[in-house]
Amino acid sequence: MEYGNKVIDESKQGQAVTLKKNPKGSKKVYIESYGCQMNFSDSEIVASILQKEGYNTTTDINEADLIFVNTCSIREKAEQTVRKRLNNFHQIKKNNPNAKIGVLGCMAERMKQQLLEEEKLVDMVVGPDAYRDLPNLVKEVETGQKAVNVILSKEETYADISPVRLGGNGVTAFISIMRGCDNMCTFCVVPFTRGRERSRNPETIVQEAQELFDKGYREVTLLGQNVDSYLWYGGGLKKNYENLTEEEKAQSVNFAQLLEKVAQVSPDLRVRFSTSHPKDMTDEVLETMAKYENICKYIHLPLQSGNNRILEMMNRGYTKEWYKNRIDAIRRIMPDCAISTDIIAGFCSETYEEHLDTIDVMNYVKYEYAYMFKYSERPNTLAQRKFKDDVPEDEKTKRLTEIINLQQQHSLERNKAAVGKTFKVLVEGVSKRSAEHLFGRNSQNAVIVFPKKDFKPGDYVNVKVNDCTSATLLGEAV
Ligand code: SAH
Ligand code: SF4
Ligand code: F3S
């Protein structure tokens with residue numbers, strides 16, 4: 001699991017997706033996406049912008065006029081994957097010599113001109129805030145020039161662009177509610193690749209949720225790097241509530257209020273969100289979650305480390321005690337809420353004893369699920385400039401292995417505790433292993449597989465769990 005907090009299935013990384021035929025056009029774009037849900041959601045905006053220019057999407061790279069790779073910079077490995085992929089394009093160019101190649105997303109932002117210079121085949125480099133400029137950039141490359149736009153914006157939220165849903169199941173969809181991040185965690189490239197934090201107009205978010213529901217979708221996931229700091233006040237650039245004028249306060253919408261508005265679209269529309277930040281997650285959000293059955297009882301609350309000195313060096317803005325207090329609040333307000341996390345092993349100067357504090361918090365929470373990583377130093381981040389990446393690789397591996405093994409125990413324990421219980425499952429599709437089985441999720445985000453009978457994707461089915469593995473629950477409709 002190497003791709004970040006936002007639960008993009010490993011099997012979907014790099015997969016190209018297609019949309020319905022656009023009769024107007026004959027030109028074709030092939031889009032491969034890497035990284036977090038936000039990037040996958042951005043690819044849907046890119047597809048929408050290009051559709052207006054007469055492009056169909058294709059999953060056949062050899063027939064594409066445009067080949068786009070939407071990239072991730074979060075860890076070195078993520079960038080290496082894309083570099084390898086770009087190298088494969090030499091072969092593809094042999095079959096499809098006229099195709100233009102574009103690098104989009106976070107690597108485009110981080111590496112800018114360097115990509116055009118080093119990767120001779122790349123024609124276009126487009127950062128995450130520049131997708132509206134794609135029609136112009138495409139025209140530029142069509143004349144044989146190279147094109148770059150990596151300007152970051154303080155306003156862009158693509159609020160008015162109705163994303164083309166790519167490769168989806170017609171049941172669940174992402175909605176970006178904000179962009180960028182102002183947090184400056186010292187290990188993280190996101191503030192550099194995605195720019196300043198800004199919130200999207202809530203009316204356009206609710207409208208998008210409504211449109212999805214009307215088309216038959218039954219679940220939306222609201223996306224942001226730190227959804228708890230969502231704040232609309234007539235404008236979107238990050239401000240704290242205390243700094244708003246009276247007029248701005250009067251029209252302001254915070255995350256709890258936004259959640260409520262989206263939950264009210266329909267009791268049959270499930271609402272999820274990612275990512276929560278421990279320093280900003282309020283009881284108001286938790287109480288709103290508890291109030292609406294259709295707001296899923298699942299919180300992704302990245303810990304990163306359980307040690308106060310390391311948390312301080314990471315600039316996370318909370319302590320171990322504060323984090324545990326937030327866990328207690330979740331348990332108090334929603335006893336049935338599942339919790340997952342992100343953990344980084346072997347951050348700069350971390351000692352083995354400090355690593356044990358992370359283990360300690362894991363034992364306190366017993367997460368349902370975790371995304372676990374070795375610290376990967378990223379160029380130009382604060383950590384790279386200020387600290388030494390001095391935990392030896394084999395020590396990082398050892399600590400990560402301990403974390404992964406413990407998490408596996410906890411996941412299995414959690415799943416075993418679900419056996420015998422009945423859950424309301426939203427069916428997402430046919431099980432990968434058997435055409436006679438469907439799979440879906442319960443409110444707590446656990447995947448449940450059960451015999452198909454007459455059910456279909458988009459149905460809500462009550463399923464009694466009778467068996468489990470550490471990854472999946474198995475059950476029967478009741
Ligand atoms: N906004 C989210 C995180 C987005 S990045 C939050 O604040 O929690 C997703 C995850 O990748 C992070 O939670 C972190 O665990 C991991 N990550 C980010 N930078 C990393 C780095 N340099 N090395 C290893 N893991 C990293
Ligand atoms: Fe990165 Fe921290 Fe922002 Fe998350 S909150 S995206 S880890 S800077
Ligand atoms: Fe997402 Fe990777 Fe960028 S995790 S925000 S695509 S660096």
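## Aromatic pairs

Eight aromatic pairs are found in this predicted structure; rings of Phe, Tyr and Trp (its six-membered ring) pair if their centres lie within 6.5 Å, and planes under 30 degrees apart count as stacked, over 60 as edge-to-face and the rest as tilted. One of them joins Phe 187 and Phe 347: the ring centres are 6.4 Å apart and the planes stand at 80°, so this pair is edge-to-face. Phe 187 sits in the loop between strand E8 (178-179) and helix H6 (190-194), and Phe 347 in the loop between E15 and helix H13 (352-365), so the pair ties together parts that are 160 residues apart in sequence. Helices (H or I, at least four residues) and strands (E, at least two) are DSSP runs, numbered from the N terminus.

Are Phe 187 and Phe 347 buried or exposed? Both are buried, where buried means under 20% relative accessible area, exposed over 50%, and partly exposed in between (1.4 Å probe, protein chains only). Ring pairs also link Phe 187 and Phe 347 with Tyr 375 and Phe 387 in a cluster.

Tyr 369 and Tyr 371 form another edge-to-face pair, because their ring centres lie 5.1 Å apart with the planes at 65°. Tyr 371 is buried at 4% relative accessible area, whereas Tyr 369, at 35%, counts as partly exposed.

## Around ligand 1

Now to the ligand. Its shell has 17 residues, of which Arg 75, Gln 225, Gln 304, Asp 342 and Ser 376 come nearest; a residue is near if one of its heavy atoms lies within 4 Å. By type, the shell divides into six nonpolar, six polar and five charged residues.

Several polar contacts (pairs of N or O atoms within 3.5 Å) can be picked out. The side chain of Gln 304 places an N or O atom 2.7 Å from an oxygen atom of ligand 1, and a polar side-chain atom of Arg 316 is 3.0 Å from a ligand oxygen atom. Ser 376 uses a backbone N or O atom, 2.7 Å from a nitrogen atom of ligand 1. On its own, ligand 1 has 540 Å² of accessible area, and the protein covers 96% of that. Strands E15 (338-345) and E16 (369-374) are the elements that give two or more residues to the shell.

## Domains and conventions

The domain assignment, which is automatic or taken from a database, gives domain 1 (8-149), domain 2 (172-417) and domain 3 (422-477). The C-alpha centres of domain 1 and domain 3 are 35 Å apart.

Residues are numbered from 1 along each chain as its sequence is written, while chains are lettered from A and ligands numbered from 1 in the order in which they are written. In this predicted model, local features need pLDDT of at least 70 and side-chain atom pairs count only at pLDDT 80 or more, while totals for chains, interfaces and linings use all residues; side-chain values use heavy atoms, leaving out hydrogens and water.

Key
A polar contact is a pair of N or O atoms within 3.5 Å; within protein, one must be able to donate a hydrogen and the other to accept it, and residues adjacent in sequence count only if both atoms are side-chain atoms. Accessible areas come from the Shrake-Rupley method with a 1.4 Å probe; for residues, only the protein chains shown count as cover. Ala, Val, Leu, Ile, Met, Phe, Trp, Tyr, Cys and Pro count as nonpolar, Asp, Glu, Lys and Arg as charged, and the others, Gly among them, as polar.
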